[in-house]
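Hi there,

Here is the model I promised to pass on. Have a look at it first, and then read on for what turned up.

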Amino acid sequence: MPVDRSRRFDLPGIQDLNKDQDEALARPLDGQHLIIGGPGTGKSVVALLRARRLAAEDKNYLILVYNHLLNGSNRKLFGSTQSLDSNTWEGWFWRMYRSIFNRSVPTIQQENQKAFQPVDWDAISEASKTLNDNELPFNDSHFLLLDEGQDMPPQFYSTLKDWGLENFYVVADQNQQLQPDKCSSRQDIENALAVNTADTLELKANYRNTRPVAQLAHHFYPANPASPRPDLPALAPSASTPELWTYGGPGQPSLNEVIGQILQMSDRFPSKLIGIITPDNVVRKMFCDAVDGSNPRLDNGKPPVQTFESGQGTPLDFGSGGIMIINAQSCKGLEFDIAILANIDQHQPKWDIYALKSRFYVMVARGREQVILLRTGDPCKVVESLLPIDSNLLVRKK
Amino acid sequence: MNIASSRERGARKPVESWYLVTNQLNLLYMLAAGLVMEPSGFRGKHYVDTLATIPGWVPLFRNTIPAKAFEQVVSERKHLRPCVVLLDLSGISGSVQVLSREGKIRDSNFSSVRLGKGDIAILIQAPLPLTLFSRICFVADEDRKAFEVAAKDVSNVDLRPYRIEVNDSLQCNANDAVWPPVQIVRSRSRNTRQKEASSSQGDLLEAAEDALQVSKPLLNRQISAQALGGLLAMLYHCANRSKLGVDIFKLTTGSSEKTGENFIQDPILAELPSWLNTGEVSEQSNTPARLYWGAMNALVVAQEQNSSQPVNLILEYLDSQLTQLTDEKYKSRLDRLITDMRGFFGLDGGTITELFERNKGSLSRPLLLFCLRERCNDLLEFAHPLLTEAEHLLAGLLFGVRDGWMRLPREMRNQNLSAYVMYRMASAAHQKQEDGLSIPNMARPQPLRAFFPSEIDTWQTSQTLAAMEISKHSKWRDCIETSISSADGSLLDQPRSQNQTFIFVGEATAKLRVRHEAFFDRIGKWPPIDADLEFRVKKDLSSTVNAEANEA
């Protein structure tokens with residue numbers, strides 16, 4: 001009989017939710033709410049549980065996320081008993097704008113026609129101000145939930161307000177901004193939604209990661225005071241210390257051997273999703289090829305292997321265990337049972353330690369139960385300086 | 001709780017209700033835990049309520065509730081809602097205290113307790129099982145909704161057994177008594193004196209319990225109530241996999257007809273009765289048994305203190321034993337096991353088959369499974385050709401003790417099991433505290449497998465019909481076979497096939513039969529069969545099997 005690889009997305013136990021999360025869940029359905037918290041503090045879970053409540057009460061709600069992968073992941077987390085109304089924020093905004101104004105979102109023309117054309121928020125603001133009350137697309141019966149709200153620009157929030165939207169529930173983490181110059185700070189969101197700083201709820205306890213993974217994530221914490229540093233998680237059923245493996249050199253395992261071990265790990269835990277997070281497309285393809293060509297001894301046959309590249313139409317399946325190979329740029333907000341950070345010395349930008357540390361912080365926090373770092377035999381001094389020396393945080397394997 | 005029928009009560013008296021005042025979030029926590037507990041039982045998530053007034057004692061109001069109690073229970077956070085649980089304490093016996101408006105406490109015995117005009121509540125020793133709940137009341141419909149919505153957000157609260165109402169008169173009729181009491185004259189330090197006073201009564205209760213049961217449920221006084229609850233639940237669910245599992249569950253719940261424990265061949269599992277009775281293994285136990293139960297004791301401590309990663313704690317224990325072992329054979333085996341346990345989540349673990357081949361026996365494999373699977377239901381789903389039933393049961397014990405009753409999801413809490421586990425957890429806590437409080441007994445649940453003996457030639461008609469019904473309802477085609485024979489005993493010709501039907505020439509009779517091996521295999525798998533079907537089948541079989549046996 002084939003092994004069941006279905007991933008379980010269980011609701012939390014009552015003991016798993018702390019008092020702040022209880023409060024976040026108990027916030028009234030209407031009004032404006034901002035929930036701030038670091039990776040693994042359960043922001044997305046809180047947002048999804050709220051979406052479940054809205055769905056159960058037949059409310060007109062929508063959950064917006066920053067990218068397609070997170071959208072797919074959230075749909076799985078939501079469970080199969082009811083469908084989740086969710087979308088990526090940009091795609092949704094573009095369609096809304098067209099349906100309201102019957103034209104495309106205005107952009108700022110660049111000299112180079114092929115260059116990225118940024119959104120002309122001033123023009124959007126002007127256009128929005130021309131709407132009469134009866135033309136507003138939203139009213140107080142609409143509910144919008146925003147996950148990773150720090151990745152949406154401040155003007156996005158003010159535009160939604162201009163369009164008549166009153167009920168917001170935003171979860172955000174300033175330490176996870178993708179492009180700080182285009183993202184919203186905590187203050188930006190508070191201002192846009194008219195939320196008092198005192199009413200912003202901070203989630204501090206790490207809910208997702210096991211203690212050893214959370215400890216490693218803490219090591220890379222980039223220390224932005226706007227988002228509180230998550231407290232370490234309490235007791236978890238099982239946990240192992242993150243590992244650092246070096247491969248490819250003399251006396252070290254080959255890439256093929258490492259891949260064989262990853263496949264055996266997947267075989268031991270058939271319903272767990274192992275995310276291999278690569279620094280770029282070259283490494284991603286190299287790992288895809290290596291997984292494809294590896295055939296170690298397995299009890300349950302080869303696990304499903306998926307990869308994602310920008311512009312890919314096929315959605316990824318977060319509902320089954322197996323291996324998912326993605327680039328670091330796509331990993332934010334996602335959750336894997338085990339995260340493997342491939343070729344860690346090739347991550348950028350080396351000249352900006354804060355940004356590099358943030359990237360490691362985000363990548364490490366993707367692993368719910370275990371994190372394994374891989375490097376080739378040619379370590380980068382900058383990356384090495386970021387890694388913990390303490391073997392209680394990271395075991396260096398030979 | 002809708003389990004009154006399974007409660008073994010004495011003569012029926014008019015039911016008197018006692019009021020527990022709390023908030024919706026503490027109540028949810030207690031519903032998951034199966035117990036009304038003192039604040040320390042909430043492991044850091046207790047919101048101030050009446051239970052915090054005199055830690056260790058549950059204040060239960062009578063007739064009316066102080067208005068200040070309603071204020072107290074919502075004082076900590078804005079989103080808290082007051083609620084009142086009505087408890088039916090019939091069947092309870094033991095010492096209580098009566099609390100006056102002035103905060104004075106006087107001793108009483110529950111059976112003779114009388115509240116005077118100046119008395120506002122009784123204080124009864126925590127914990128109490130939720131089987132005493134008769135109703136849950138909210139003062140506003142909005143509060144009830146908030147409670148029910150919050151219950152749906154979590155995996156381990158099932159509201160179906162409870163009557164939930166809105167009753168604003170509870171708050172409207174609140175009295176102006178001082179609450180919490182300004183001055184408590186005596187508190188828990190009295191326990192020791194009370195223990196002495198109630199010891200003779202405790203003996204009588206134990207004697208009565210002995211008379212009621214085939215044998216006495218086993219109880220390790222070191223084990224926490226939660227760990228006991230988790231252990232019982234895992235034994236109950238694991239029991240569907242084998243006759244051994246059923247026998248072990250019966251032994252643990254005191255319903256075994258077997259007089260000794262000789263039916264347990266596995267030397268580690270054979271120590272379960274000793275461990276449950278004393279917290280220790282017997283003198284004749286072997287090294288693997290001492291290591292397994294030593295690891296279990298480390299887990300019991302972890303469960304009690306919520307202090308460390310369970311796997312790490314077991315590894316620490318095994319490490320400490322490794323240095324003390326003198327037998328090279330055991331030493332090298334243990335060394336290999338520790339290495340494999342440490343590597344389970346690393347890159348050099350190998351496959352499960354490789355791990356099981358390297359580590360044989362009922363010490364190693366349960367401990368490996370403890371690392372390899374995360375949740376209790378993961379273990380219940382797990383099967384491997386190299387794994388024996390004893391090894392699976394031993395793994396189940398580890399998982400149950402680690403998670404306790406608290407962490408078990410709704411699908412692992414059927415009503416009869418829940419009621420029994422709550423009773424056992426509360427009873428165990430009171431025995432441990434030696435406070436003499438006696439909780440009404442609950443009927444012992446029986447795993448489904450217990451209704452279908454392994455000796456298939458002893459099956460009665462009702463059992464065969466029940467197995468058929470389960471197989472049909474669950475769409476287990478492999479559990480039923482049809483034999484077709486000619487009516488006159490002659491050989492049948494080959495049938496011809498037409499529209500998915502076999503057509504025989506001549507008169508034939510068809511007979512359905514249960515394929516027992518496949519049926520046992522199916523009922524041993526997780527998830528269990530439909531809960532309503534299981535309840536109905538068990539009820540029918542309970543009443544018919546004995547009757548049929550008598551007729552035979």
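Let me begin with a helix pair in chain B: helix 6 (residues 225-238) and helix 16 (residues 415-433) pack at an angle of about 145 degrees, with their axes 9 Å apart. Helices here (H or I, at least four residues) and strands (E, at least two) are DSSP runs, numbered from the N terminus. Axes are lines fitted to C-alpha atoms, for helices over the stretch in contact, and angles run from 0 to 180 degrees between N-to-C directions. The crossing of helix 6 and helix 16 of chain B is right-handed; a crossing gets that name if the near helix is turned clockwise from the far one by less than a right angle, and is left-handed if anticlockwise. On the helix 6 side of chain B the contact includes B:L228, B:L232 and B:Y236, and on the helix 16 side B:V421, B:M425 and B:A428 are among the residues. Contact means that the C-beta atoms of two residues, placed from the backbone, lie within 7 Å. By class, this contact between helix 6 and helix 16 of chain B has ten nonpolar, two polar and one charged residues. For the classes, Ala, Val, Leu, Ile, Met, Phe, Trp, Tyr, Cys and Pro count as nonpolar, Asp, Glu, Lys and Arg as charged, and the others, Gly among them, as polar.

Before going further, two notes on how to read all this. This is a predicted model, so local features need pLDDT of at least 70 and side-chain atom pairs count only at pLDDT 80 or more, while totals for chains, interfaces and linings use all residues. Residues are numbered from 1 along each chain as its sequence is written, with chains lettered from A and ligands numbered from 1 in the order in which they are written.

Which helix of chain B is largely enclosed by the rest of the structure? Helix 13 (residues 364-372) of chain B is, because nine of its nine residues are buried. A residue is buried if 20 or more other C-beta atoms lie within 10 Å of its own, exposed if 12 or fewer, and partly exposed in between, with C-beta atoms placed from the backbone. B:R365 and B:F370 are among the buried residues of helix 13 of chain B.

Chain A has twelve helices and 13 strands, and 45% of its 398 residues are buried. Chain B has 19 helices and 14 strands, and buried residues make up 44% of its 552 residues. The mean pLDDT of chain A (the predictor's confidence in each residue, from 0 to 100) is 87, and 89% of its residues reach 70 or more. Where pLDDT is low, the predicted coordinates should not be read in detail.

The chains also touch each other: 37 residues from chain A and 37 residues from chain B take part. Helix 9 of chain A gives the largest share of the chain A side, seven residues. That side has 17 nonpolar, eight polar and twelve charged residues.

The largest nonpolar core has 195 residues, and A:V170, B:V58 and B:M425 are among those with the most contacts inside it. Such a core is a set of buried Ala, Val, Leu, Ile, Met, Phe, Trp, Tyr and Cys residues joined through C-beta atoms within 7 Å. Another core, of 49 residues, lies apart from it and includes A:L263 and A:L374.

Finally, some backbone details. Most residues other than glycine have a negative phi, and most peptide bonds are trans. The bond from A:Q348 to A:P349 is cis, with omega near -5 degrees, and that from B:W179 to B:P180 is cis too, with omega near -10 degrees. A:N343 has a positive phi of about 45 degrees although it is not a glycine, and A:N343 is buried, with 23 other C-beta atoms within 10 Å. B:N499 also has a positive phi of about 45 degrees, but B:N499 counts as exposed, with 5 C-beta neighbours inside 10 Å.

Best wishes
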